[in-house]
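Subject: Handing over the model

Dear colleague,

I am passing on the structure we spoke about, and I would be glad if you could look through it alongside the notes below.

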Number of protein chains: 2
Amino acid sequence: MQSIQKLKSANSAGKFVCVGLDTDPLKLPSHLSSFNNPVVEFNRTIIEATKESAAAYKLNLAFYESEGIDGLKNLEETLSFIPKEILTIADGKRGDIGNTSSLYAKSIYEHFDFDSATLNPYMGKDSLEPFLSYTSKINFILALTSNPGSADFQKQQMKGGKYLYQCVIEKIHDWNKNLNCGIVFGATNINELKENLAVIKDLPLLIPGVGAQGGSLEDITRILFSGNKSSFLINVSRGIIQKSLGEDFAEAAKNELATLNKIISRNLQLKN
Amino acid sequence: MQSIQKLKSANSAGKFVCVGLDTDPLKLPSHLSSFNNPVVEFNRTIIEATKESAAAYKLNLAFYESEGIDGLKNLEETLSFIPKEILTIADGKRGDIGNTSSLYAKSIYEHFDFDSATLNPYMGKDSLEPFLSYTSKINFILALTSNPGSADFQKQQMKGGKYLYQCVIEKIHDWNKNLNCGIVFGATNINELKENLAVIKDLPLLIPGVGAQGGSLEDITRILFSGNKSSFLINVSRGIIQKSLGEDFAEAAKNELATLNKIISRNLQLKN
């Protein structure tokens, strides 16, 4: 199935929450230490508990790579637990010159067979082209991120009056010949989201920053639904998977996801 | 030894060429196929042939990660062949939110014990802080890259008239409290290099793009020496390690490095 179809199917079913599997080996429920591989057991259980109502799973590559060879094995095994119809996102924010970018794309889209990836636009079009050539995937390119450092460059004004992140979004429209681009837009930037719906147009959105980073799910969904925006994912990582660090961690994750989905469905009904 | 000392020692000895170990398993001399691990044998032989006159070794992480678990083993083994007094650079162009960036920094600077890394500035200061907190390392942050896509954003003018890459360099000076920042400045941007020596000041430079990408070593070194710039590395990857794809690959790499060093030393003498 094309990645964009997976996203649209989830959204049509009222599922908009992407579960971020930023699994920190040092922050696992202590009872899992009796398992052969606590990280994999944690991920397996979280996926099992959330797969009915998750719109997507985002795997933050740093959390796996930083564990070296064992981490990559955990990444592969975790991916095997995710039902084929649910979108997977490799969150690595890659961007490099052409021949290097090709290797990253091959690793993410062929070796690991992710449905989509996050990318960094700083090096321009040719640095992303190897990813853009995979027509069945979704390339979520950083536009405006959720962290304080987004003020350093992304929110700086360009000569023509636009902000850098707006110029990035405009370029992404140019690069979107295969209709396989999306953008990353941080949930902490509520006003910018509201003001840029017409700039974003129909680009799918990946929205991190709800929860631990301070973004409001209520505000985000109200703006997006009132703007008739479809095709978006709101990522929540720690807010779901670390909701409880006790034996009830999976139940707590499931309940938190249900709570988030209830807020979303209320705003979706308000709009209809 | 502090990483900056390794760089300065190399430069003081007239060594400015960084050998890029972008080792492509599909482009190895065919006779190496009889070895148990051709990539590692290739890297070991290249390092052995060039270590007397290389200023540094840059390992492009994509070339290793894209081979999955075996690739990471190759990365570790390759690092073990590099003499401790020679600077090592992890070329991964990382940049992410704080807790993720910490993991990348830990992986590169602790697990693999690299001396330095390349970083992407798009997400701003807090995305790089975990790297900047390693005071004995060198953080080479992308300013102006060597690829055509550098025109998309890096060479766009900001409201005040400066170009984005100049604003990035200015910010890097602010972030350089630990004197552990450097910049990446592509060799294809000769005019920009000439015009920005006063903006770059004493930041160490990592200069890719000579050779396969079209930058001129002659021009680059003439500008840098005439500007009294010390502390820089000119990276050459394919131009050295793929100089010959025959049984004489190591000899050819050694000879090419000697040729490059001759050009540099001629320009160094012209200046003195």
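What follows is an account of what was found, from the relation between the chains to single residues.

Please keep in mind throughout that this is a predicted model.

The two chains

Chain A is superposed on chain B by a rotation of 180 degrees with 0.0 Å of shift along the axis, and the RMSD of that superposition is 0.0 Å. The two copies are thus related as by a two-fold rotation axis. Both copies use the same surface, since 100% of the contact residues of chain A recur in chain B. As for the extent of the contact, 46 residues from chain A and 46 residues from chain B take part in it. On the side of chain A that touches chain B, the elements that give two or more residues are helix H3 (61–65), helix H4 (68–81), helix H5 (98–111), helix H6 (125–132) and helix H7 (164–175) of chain A. Of these, H5(A) gives the most to that side, with 7 residues.

The barrel

In chain B, 8 strands close into a barrel in the order E1-E2-E3-E4-E5-E6-E7-E8, and the pairing is parallel. Direction ignored, neighbouring strands of this sheet are turned by 30 degrees against each other on average.

Strand E1 (residues 17–20) of chain B shows how the strands are joined, as E1(B) pairs with E8(B) in the parallel sense over 3 bridges and pairs with E2(B), also in the parallel sense, over 3 bridges. On the E8(B) side, Cys18(B) stands opposite Asn235(B), while on the E2(B) side the bridge partner of Gly20(B) is Lys58(B). Val17(B) and Val19(B) point one way from this strand and Cys18(B) and Gly20(B) the other way, yet all are buried. Strand E8 (residues 232–236) of chain B pairs as well with strand E7 (residues 205–207) of chain B, in the parallel sense and over 3 bridges, and there Leu205(B) stands opposite Phe232(B).

Thr118(B) is found in strand E4 of chain B and is buried, with 25 other C-beta atoms within 10 Å. If its neighbours within four places in sequence are left aside, Thr118(B) is in contact with Ile89(B), Asp91(B), Gly92(B), Lys93(B), Phe140(B), Leu142(B), Val184(B) and Leu206(B).

Helices

Helix H1 (residues 3–12) of chain B lies across strand E2 (56–60), strand E3 (87–94), strand E4 (116–119) and strand E5 (138–144) of chain B, and runs at about 120 degrees to E3(B).

Two helix pairs may also interest you. In chain B, helix H2 (residues 38–50) and helix H12 (residues 249–271) pack at an angle of about 40 degrees, with their axes 9 Å apart. H2(B) and H12(B) are therefore oblique to each other, and their crossing is right-handed. The contact is made by Thr45(B), Ile46(B), Ala49(B) and Thr50(B) from H2(B), and by Ala250(B), Glu251(B), Ala253(B), Lys254(B) and Leu257(B) from H12(B).

In chain A, the axes of H10(A) and helix H12 (residues 249–271) come within 9 Å and cross at roughly 30 degrees. That angle makes H10(A) roughly parallel to H12(A), and the crossing of H10(A) and H12(A) is again right-handed. The residues that make the contact include Leu217(A), Thr221(A) and Phe225(A) of H10(A), and Leu260(A), Ile264(A) and Leu268(A) of H12(A).

Two residues with positive phi

Lys93(A), a residue other than glycine, has a positive phi near 50 degrees; Lys93(A) is found in strand E3 (residues 87–94) of chain A and counts as buried, with 31 C-beta neighbours inside 10 Å. Asn228(A), which is not a glycine either, has a positive phi of about 55 degrees. Asn228(A) is found in the loop between helix H10 (217–226) and strand E8 (232–236) of chain A, and with 8 C-beta neighbours inside 10 Å it counts as exposed.

With best regards

Conventions
Residues numbered from 1 in each chain as written. Chains lettered and ligands numbered in written order. Predicted model: local features only at pLDDT ≥ 70, side-chain atom pairs only at ≥ 80, totals over all residues. Least-squares fit on C-alpha atoms with pLDDT ≥ 70 in both. Contact = placed C-beta atoms within 7 Å. Pairing = 2+ DSSP bridges. Helix = DSSP H or I, 4+ residues; strand = E, 2+ residues; numbered from the N terminus. Axes fitted to C-alpha atoms, helices over the stretch in contact; angles between N-to-C directions. Buried ≥ 20, exposed ≤ 12 C-beta atoms within 10 Å, placed from the backbone. Parallel < 35°, antiparallel > 145°, perpendicular 65-115°, else oblique. Left-handed = near helix turned anticlockwise from the far one by under 90°.
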